[in-house]
Amino acid sequence: MSIRHGLLALLADGPRYGSRLRTEFEARTGGAWPLNIGQVYTTLDRLERDGMVTRHGVDEARRELYALTEAGRAELRSWYARPVERVSPPRDELAIKLVIAAGADGVDVREVVETQRRHVVQALHDHVRRRAEALARAPGHPREMARLLVLEQLVLHTEAEVRWLDHCEARLLRLTRDTTQGPRSNPEP
């Protein structure tokens, strides 16, 4: 999620101060994407510079309030209306680690895969538990549903990573077998 657009969406509900925006952002995303308060204020400064938010006085505790401008509302509508582009794969540290390890002397790539798998399976159990807890509360409010959607995304992404690690391990085993037994007549792609 774009922090910029996330803050615009929160400001659509009315003026807010920075730490409240941070708290609401983290609550809406189920705590999956914690924000540094510095990120919030840096983003608010940029949004103000770009004419999408304006300072809107202070609250009773003397905290600076920010409000959405018409340009900010237009940007938010545009963001909701356009798909998220997936033009190039993200730089995934695990993928980089495995491809580098596969060509490195003295590195047991299968152990690297197994170490990661143990870590990911534990994360999967945690995500599934948190999702079950969220479902037990019978989400009826849109914010509770949003949290559930984030948890489900985490479960599905983690399951996909486990499947990918299984695939990597199978590929490595075939490669090891092929190099010790020689080429096969019909090599697998």
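How exposed is S2, in terms of relative accessibility? The residue counts as partly exposed, because its relative accessibility is 25% and the partly exposed class lies between under 20% for buried and over 50% for exposed. The points below concern a predicted model, and they begin with the chain as a whole before turning to individual elements and residues.

1. Overall architecture. The protein chain comprises seven helices and two strands. Read from the N terminus on, these elements follow the order α-α-α-β-β-α-α-α-α. The chain has 189 residues, of which 29% count as buried. Among the contacts with a separation of 6 or more, 51% are made by residues 24 or more positions apart.

2. S2, the residue of the opening question, is placed in the segment before helix 1. Its C-alpha atom is separated by 9.8 Å from that of W79, although S2 and W79 are 77 residues apart along the chain.

3. Packing of helix 1 against helix 3. Helix 1 covers residues 3-11 and helix 3 covers residues 37-49; their axes come within 10 Å and cross at roughly 80 degrees. The two helices are therefore roughly perpendicular to each other, since angles of 65 to 115 degrees fall in that class. On the side of helix 1, the contact is made by I3, R4, L7, L8 and L11, and on the side of helix 3 by Q39, V40, T43, L44 and L47. By class, this contact has seven nonpolar residues, two polar residues and one charged residue.

4. E24 in helix 2. Helix 2 spans residues 18-28 and includes E24. Is E24 buried or exposed? E24 is buried, because its relative accessible area is 13% and the limit for that class is under 20%. When residues up to four places away in sequence are not counted, E24 touches L10 and R16.

5. R20 in helix 2. R20 is also placed in helix 2. With a relative accessible area of 35%, R20 is partly exposed. The C-alpha atoms of R20 and I37 are separated by 9.9 Å, and the two residues are 17 residues apart along the chain.

6. R62 is not a glycine, yet it has a positive phi of about 70 degrees. R62 counts as exposed because its relative accessibility is 69%, and the exposed class begins over 50%.

7. R110 in helix 6. Which helix holds R110? R110 is placed in helix 6, and at 34% relative accessibility it counts as partly exposed. R110 and E169 are 59 residues apart along the chain, while their C-alpha atoms are separated by 6.2 Å.

8. The second largest pocket. This pocket has a volume of about 380 Å³. It is lined by 16 residues, and those closest to its centre are D92, L154, H157, T158 and E161. Two elements give two or more residues to the lining, namely helix 6 (109-136) and helix 7 (142-181). Which of the elements supplies the largest share of the lining? Helix 7 does, with seven residues. By class, the lining of the second largest pocket has eight nonpolar, five polar and three charged residues.

Notes. Residues numbered from 1 in each chain as written. Predicted model: local features only at pLDDT ≥ 70, side-chain atom pairs only at ≥ 80, totals over all residues. Heavy atoms only, no water. Axes fitted to C-alpha atoms, helices over the stretch in contact; angles between N-to-C directions. Helix = DSSP H or I, 4+ residues; strand = E, 2+ residues; numbered from the N terminus. Parallel < 35°, antiparallel > 145°, perpendicular 65-115°, else oblique. Contact = heavy atoms within 4.5 Å. Nonpolar A, V, L, I, M, F, W, Y, C, P; charged D, E, K, R; others polar. Buried < 20%, exposed > 50% of the residue type's maximum accessible area, 1.4 Å probe, protein only. 1 Å grid on protein atoms, 1.4 Å probe; cavity = no way out; pocket = protein on both sides within 12 Å on 5 of 7 lines; lining within 4 Å. Points joined across faces, edges and corners; volume = space filled by probe spheres on them.
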